Amino acid sequence: MRVLVAMSGGVDSSVAAARAVEAGHDVVGVHLALHKDAQQTREKARGCCSLEDSADARRICDKLGIPFYVWDFSEQFKEEVIGDFVDSYARGETPNPCLRCNEKIKFRALLQKGMALGFDAVATGHYATLDDAGYMRRSKDENKDQSYVLGVISAEELEHCYFPIGDTPKPQIREEAARHGFSTAKKPDSYDICFIPDGNTQAFLGSRIGLRPGMVVDQEGQELKQHDGAWNYTIGQRKGLDIKEPTADGRPRYVTDIDAASGTVTVGSREDLAVTRIQADRLKYLHPAMDGELECEVQVRAHGSVVPCKAFVDRDGDKMTLELKEPLSGVARGQAAVLYLPSPDELGDIVLGSGTICGTA
């Protein structure tokens, strides 16, 4: 099998490439160049797309004796990830850019180019597994499971995916990298937004969206302060509200709603954040069981809680409604709701599919 390995320059993709080689596949490594301007990356950045990462990826491929290429996806990344990130915040949503990058770039764009060049599969260092039927399962390492951020790819794309390390806990992956003599064995995990290397999301959004003054109000609609833009806020935010007038009971305030059209940001108590109903659209179907009315579980953040729910999936209308059996807090429009079916076997839970959250109650 001809396998194209997405080499991020980290320890996970390094071991994924090594395992693909050991399995006897015809392997080629590729690093995705996502920024035209190299100055957008920096040394010691904790994102995933720096110049140092590219150099690390090349060294691993050289050590494995496999070809290495750098493919330029910067224009697609700018439009479909950075552009989506800014537009989503401008609409009052809270997007996950790493999730969109997986959906639009690391799988769709990479797969399209790879298939056109005759590759059979794309391998990544993600922590997820595929069962014998080709359905996605959670990783055996629950602490590193990344099936949530993979729940936005399509069933057609999943048919060409290969996750060589998803059945192994992270500490063992680092040990394996050390046995290979990989320089990435002790490299820290990436977790910053790669296109905001200084970590100042507000400044980044402000420079692109601009000033859009509005009001912060309480649950009764009483005006508490003026703000420069709703993009400064996220659902569930507590810190940085800078509201001078304290609450009557002295309890902290949280952002409970954002109306970008009117510029109104609503704050309330922690209890006001509780959500028991979720609406989602832009559905992705990874399992035939995701149809009609079903009992399952839902996760709405990469490392968030999983709760049981009843899902009503309308495939014709490309939307679904989830009735949660336990409330969730801080659920925001723009996040992904990924559905799981608890596994009856020793493998991880089955990933049914996902939708983009467009409403809550």
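**Sheet and helix packing in the predicted model**

Strand S2 (residues 26-33) pairs with S3 in the parallel sense, over five bridges. The model is a predicted one. Within this pairing, histidine 31 stands opposite valine 70 of S3.

The two strands belong to an open sheet of five strands. The order is S3-S2-S1-S4-S7, and the pairing is parallel. Strands of a sheet pair through backbone hydrogen bonds, in either a parallel or an antiparallel sense. The edges are taken by strand S3 (68-72) and strand S7 (161-162). Each has a single partner strand, so one side of each is left without a neighbour in the sheet.

Helices pack on this sheet. Helix H2 (residues 51-64) touches S2 and S3. The direction of H2 makes about 150° with that of S3. Helix H4 (residues 97-116) also packs on the sheet. H4 touches strand S1 (2-6), S2, S3, strand S4 (121-123) and S7. The direction of H4 makes about 130° with that of S2.

A further contact joins two helices. The axes of helix H3 (residues 74-90) and helix H8 (residues 201-209) come within 10 Å. They cross at roughly 85°. Angles of 65 to 115 degrees count as roughly perpendicular, and H3 and H8 are therefore roughly perpendicular to each other. H3 contributes Ile82, Phe85, Val86, Tyr89 and Ala90 to the contact. H8 contributes Thr201, Phe204, Leu205, Arg208 and Ile209. By class, the contact of H3 with H8 has eight nonpolar residues, one polar and one charged.

Notes. Residues are numbered from 1 along each chain as its sequence is written. This is a predicted model: local features need pLDDT of at least 70, side-chain atom pairs count only at pLDDT 80 or more; totals for chains, interfaces and linings use all residues. Side-chain values use heavy atoms; hydrogens and water are left out. Axes are lines fitted to C-alpha atoms, for helices over the stretch in contact, and angles run from 0 to 180 degrees between N-to-C directions. Helices (H or I, at least four residues) and strands (E, at least two) are DSSP runs, numbered from the N terminus. Angles under 35 degrees count as roughly parallel, over 145 as roughly antiparallel, 65 to 115 as roughly perpendicular and the rest as oblique. Contact means heavy atoms within 4.5 Å. Ala, Val, Leu, Ile, Met, Phe, Trp, Tyr, Cys and Pro count as nonpolar, Asp, Glu, Lys and Arg as charged, and the others, Gly among them, as polar. Two strands pair if DSSP finds at least two bridges between them.
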